[in-house]
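Subject: Handover of a structure for your study

Dear colleague,

Please find below the structure that I am passing on to you. After it I set out what was found, beginning with a term that you will need.

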Amino acid sequence: MNIAGQFSPYTPAIDNDPSSGTLSMLQIRDFLGRGWRLIALVTALSTVVGVAYIATSPFRYTARADMIIDTKRVTWTQSEMASENRTIEDASVESEIETTKSEKVVEAVIRRLRLTEDPEFVGSGPGLRRRIFSLFKLSSAPEQEPSKDEVMRRVVDTVKANLRVTRLGRSYIEQIAYTSLDREKAAIIANAFADAYIEDQLQAKFEATRRATAWLEQRIGELRQQASNAYKEVQDFKSENSIIIGVDGKLASEVELDQLGIALAKARADTSQARAKLDRITRVLEQRSEKESFKIPDPVVTDALSNPVITKLRQQFLDNQNKESEWSARYGADHQAARNLRAEMAALQRAIWDEISRIAESYKSELQIAKSQEESIDRRMIEVFQRSASTRQSQVRLRELETAANTYRGIYETFLSRFTQSVQQQSFPSTEARVVTAATPPRTPSSPKIGLTLALASLSGLALGIMAAFGREQMNRQVHTRAQLEKLLGVSCLAVLPAFPQKKPVLRKLQATRDSSAFRQISEVAPFSATAEALRYIKVAIDLHPTGGKVIGIVSALPGEGKTTVATGFAAFVAKSGARTLLIDADLRNPSMSRALGYTNAPGLVNMVADKSDFDDLVITDSKFKFDFLPSSTRMKPSNSSDILNSPAMKDMLKAAKNNYDYVLVDLPPILPVVDVKAVAHLFDGFVLVVEWGSTSTDEVLKALHASPILSERLLGGVLNKADEAVMRRFEGYSDRRYTYYTNEPASAETV
């Protein structure tokens, strides 16, 4: 129940809650303000390490030579597609780079420059094993003189460790970089590697072409014989199976079948055409009438229309028909001339029909001929197809033999071409590898890089320092800010009380001396100071209790957090303002409040419960601080302290005190060590939890808060005690402006 949430004077004024999951610039500033010392220390140590590395490392020089690599290696295994202008893949370039770094090239450089006699590569000092034994003053067996193979292996390892071959961009140029203690020697070795690579490529090409020529010469003879045998086998197979192949590569039977197919299609078309003509002229002949009629037949047949006899007869018929019509009209239909014309017309009509019948007979003859031709071609196709069936089966084998023969011939021609190229290359081997830029002695050392080393050391130290500071904050489980306490409690932080300077007593067992010193300082604070303002916020929170509660328990999670001092100082503060205040020391197992106020042997709370003593006889009015005080006996430590605090006498006393006092403040035992607070929590109207700044962990605060549901429900707020204000400002990110508003000046006579 957050009673005083709206009166918390120390609620952060910025909305950068760490629980929100975002990191604002203010949080970064606050983090750096808290951890800059650790960050600076780690950065300085890392920089010192970098300086030590620079001071102890010898200067080394790197010389670089640029060389275009051999990208046109021609071997006998390459295909015709691999031309002089082909595109080289990255794998080929990387292969050449690895060849440059190969042990064969390295050993060639070592032998040429006699590096096995150079102390930089062989080493003149004692071995690592002997130095370790001498460091611990141990005796070791004398080292044997290394053999030539061991010396060569050491030099090879040293040279490869200082050699770096890289590709320049996407080009065919590789850069050979060698690092040495001597600038002249670095340039000599880099150029030697380029020369050794070129010589290795020339020698490799010469050896490859020589071996390829010898092998090709032997292989060509074998391939020539194989090709000849394959061709002979093809010709023998054709003769045995009577296979005749035309110019276009087809069998003779296949060509004949193609021709017969075309002829059969034409014969069928002719038969269909003849049948159609015969059917048409047959239907025309069916129109002929036995009765005498002067209608001219009109057969729609091509041959009938184009027949000159029928055309002439039709013309005569039409002329006679015109004359007959004219004479019949002039002389009458029965005139002899008209009858003669009609007789002549009938004769012409019969002649036309006779000519049409003759054409029909010719159509029948054509149809018979077409049918005979079609049947003849069909029979011939069946005969040819049956005869070529076996030839087709043999053709499959023939194709296999021809394919084998062509393959052998193609291989023979390819190998013959390669043999010619190999002979030419063997006589004049060449390579594209050449030095583009020769290595020169470098002017400046390549390592150690002073600027880069110091920058990396500083940046690494800065990063490690930030990580260390961040880790330290993450592992810190203590309460350092108001926001942390409010998040844990769910209520407001009522006040922050500073840690007062104390003089350590000679006898550390006199705890009361320290408690009383802190009490005097908190009770004598200036009325306009930050501490006095914090006590006023506690008073306002109690005054605004919605139920008007006056019985307030002052508790803490652990002993030594200052709850007794806070309770006593707050009682003195409100008593000075004229309020009727009752202060009760209810910490029966450690009555430090009674000792601090000087009432060690006075009867108190235990006597009221055990001896049934009257409250008025036990309460003490402090003449200095103007509050009433009910002490606790320091002579005895009751084991059943929770029963005493939960007794009827205690309940009656608190009920009566609520009516007689404005504030009833009870100093209760710590929550976690004993069960007293949990047992008597229902007797109090509210609680104020005192938490020691920078000492009490968050887990302990949560355990204390969850010890009693009543306590968490009636909790008015928390008080951060013994706070280091300077460090706290770094955690919270506040400036000093709010603290300049307060003053520690004593109250004047005119002060109300």
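A residue counts as buried when its relative accessible area is under 20%. By that cut-off S697 is buried, because its relative accessible area is 13%. Please bear in mind throughout that this is a predicted model.

S697 lies in the loop between strand 11 (686-692) and helix 23 (698-705). Residues up to four places away in sequence aside, S697 touches R477 and Q478.

The second example is V677, which belongs to helix 22 (residues 676-680). Is V677 buried or exposed? With a relative accessible area of 1%, V677 is buried. Its contacts, leaving aside neighbours within four places in sequence, are V555, L668, P669, I671 and L711. V677 also illustrates how sequence and space can be compared: V677 and S642 are 35 residues apart in sequence, and their C-alpha atoms are 7.9 Å apart in space.

**The protein as a whole**

The protein has 752 residues, of which buried residues make up 39%. It contains 25 helices and 12 strands. Among contacts between residues at least 6 apart in sequence, 81% join residues that are at least 24 apart.

- Strand 2 and strand 3 (residues 173-180) pair in the antiparallel sense over 5 bridges, and T166 stands opposite Q175 in strand 3.
- Strand 3 and strand 1 run antiparallel and are joined by 8 bridges, with I68 opposite I173 in strand 3.
- Strand 1 and strand 4 are an antiparallel pair with 3 bridges, in which M67 stands opposite V435 in strand 4.

How many of the residues of strand 1 are buried? The number is 7 of its 8 residues, so strand 1 is mostly covered.

**Helix 7 and its neighbours**

Helix 2 contributes E96, T99 and T100 to the contact, while helix 7 contributes F193, Y197, D200 and Q201. These residues divide into 2 nonpolar, 3 polar and 2 charged.

Helix 3 passes helix 7 in a right-handed crossing. On the side of helix 3, the contact is made by K104, V105, V106, A108, V109, R112 and L113. On the side of helix 7, it is made by I188, I189, A192, F193, D195, A196, Y197, E199 and D200. By class, this contact of helix 3 with helix 7 has 11 nonpolar residues, no polar residues and 5 charged residues.

Another open sheet has 8 strands in the order 5-12-11-6-10-7-9-8, with mixed pairing. Its edge strands are strand 5 (493-498) and strand 8 (620-621), each of which pairs on one side only. Within this sheet, strand 6 (residues 551-556) and strand 10 (residues 663-667) pair in the parallel sense over 4 bridges. In that pair V551 stands opposite V664 in strand 10.

Which helix packs on this sheet, touching strand 6 and strand 10 among others? Helix 21 (residues 648-660) does so, and it also touches strand 7 (581-585) and strand 9 (628-630). The direction of helix 21 makes about 145 degrees with that of strand 10.

With kind regards

Conventions
Residues numbered from 1 in each chain as written. Predicted model: local features only at pLDDT ≥ 70, side-chain atom pairs only at ≥ 80, totals over all residues. Heavy atoms only, no water. Contact = heavy atoms within 4.5 Å. Helix = DSSP H or I, 4+ residues; strand = E, 2+ residues; numbered from the N terminus. Nonpolar A, V, L, I, M, F, W, Y, C, P; charged D, E, K, R; others polar. Pairing = 2+ DSSP bridges. Buried < 20%, exposed > 50% of the residue type's maximum accessible area, 1.4 Å probe, protein only. Axes fitted to C-alpha atoms, helices over the stretch in contact; angles between N-to-C directions. Left-handed = near helix turned anticlockwise from the far one by under 90°.
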